[in-house]
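Please consult the sequence and structure shown here before reading the points below.

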Amino acid sequence: MTSIRRLEQATPAERQALTELILATVNGGASIGFLAPLAPEVAEAYWQGVLASLGPGLVLWVAEHDGRIVGSVQLAPSLRQNGLHRADLMKLMVHPSARGQGVSSRLLREVEQFARREGRTLLVLDSELGSKAESVYQHHQWQRVGEIPGYAKDTGGVLRSTVVYFKTLSS
């Protein structure tokens, strides 16, 4: 059974599992801000920075299956006075071995429930045009705003367009 939980601090074993997750995700072709092959020390440094930043401006959830971290997602609630109603969804990742099992859907539902409880009514994200992630967001009624050409390099270093999505949440 897969469970979802908010991670506010990480044990050494959880940090290692998060490192393994991002290595498998990026080296498996998901464009989430890194080039492949992703070096373990770069992955470790990334998670060290994320874990140090957790708090009001960054929230992290993990999906676990049989005690093993198989997915994660982050939410960055706006802390600006004029943006307290919105948040950015970031770095939704699912281990390649766990894809197709509803992990991303469970993570998205958890984030949306949290956002509603916190009074957030607007979520935004961007994703590589044509990525598998796009179908996940569309399935969950995220609305496509448009695309920005040549926004970021994919895992192979080729410039790709990004697509911007939003979702309005009922309170």
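**Strand pairing and overall fold**

Seven bridges connect β2 with strand β3 (residues 68-77), and the two run antiparallel. Helices (H or I, at least four residues) and strands (E, at least two) are DSSP runs numbered from the N terminus, and two strands pair if DSSP finds at least two bridges between them. The model is predicted: local features need pLDDT of at least 70, side-chain atom pairs count only at pLDDT 80 or more, and totals for chains, interfaces and linings use all residues. Residues are numbered from 1 along each chain as its sequence is written, and side-chain values use heavy atoms, with hydrogens and water left out.

**The sheet**

- Seven strands make up an open sheet of mixed pairing, in the order β1-β2-β3-β4-β5-β7-β6.
- The edges are held by β1 and β6 (143-153), each with a single partner strand, so one side of each has no neighbour in the sheet.
- On average, neighbouring strands of this sheet are turned by 25 degrees against each other, direction ignored.
- Strands β6 and β7 (residues 159-168) run antiparallel and are joined by seven bridges, with G146 opposite V164 in β7.

**Strand β2 and its hairpin**

- β2 and β3 form a hairpin with two residues between them, and D66 in the turn has a positive phi of about 55 degrees.
- The bridge partner of H65 is R68 in β3.
- Six of the seven residues of β2 are buried, where buried means under 20% relative accessible area, exposed over 50% and partly exposed in between (1.4 Å probe, protein chains only).

**Helices**

- α1 lies across β1, β2, β3 and β4 (86-94), at about 85 degrees to β3; α2 lies across β2, β3 and β4, at about 50 degrees to β3.
- For these arrangements, contact means heavy atoms within 4.5 Å; axes are lines fitted to C-alpha atoms, for helices over the stretch in contact, and angles run from 0 to 180 degrees between N-to-C directions.
- The loop between α1 (12-27) and α2 (40-53) contains G33, which is exposed with a relative accessible area of 69%.
- α3 has 15 residues and reaches 21 Å from its first C-alpha to its last, close to the 21 Å expected at 1.5 Å a residue; the expected span is 1.5 Å times one less than the number of residues.
- Among the buried residues of α3 are V103, L107, L108, V111 and A115.
- G119, with a positive phi near 80 degrees, follows α3.

**Aromatic contacts**

- Rings of Phe, Tyr and Trp (its six-membered ring) pair if their centres lie within 6.5 Å; planes under 30 degrees apart count as stacked, over 60 as edge-to-face and the rest as tilted.
- By this rule there are five aromatic pairs.
- One of them is the edge-to-face pair of W61 and F114, with 5.1 Å centre to centre and 70 degrees between the planes.
- Because W61 lies in strand β2 (residues 59-65) and F114 in helix α3 (residues 103-117), this pair ties together parts that are 53 residues apart in sequence.
- Both W61 and F114 are buried.
- F34, Y46 and W47 form one aromatic cluster.

**Record annotation**

- UniProt places the feature "domain: N-acetyltransferase" (unreviewed entry) at residues 5-170; such annotations may be inferred rather than shown by experiment, and positions follow the numbering used here with feature names shortened.
- The span of residues 5-170 is 32% helix and 34% strand, and its end C-alpha atoms lie 23 Å apart.
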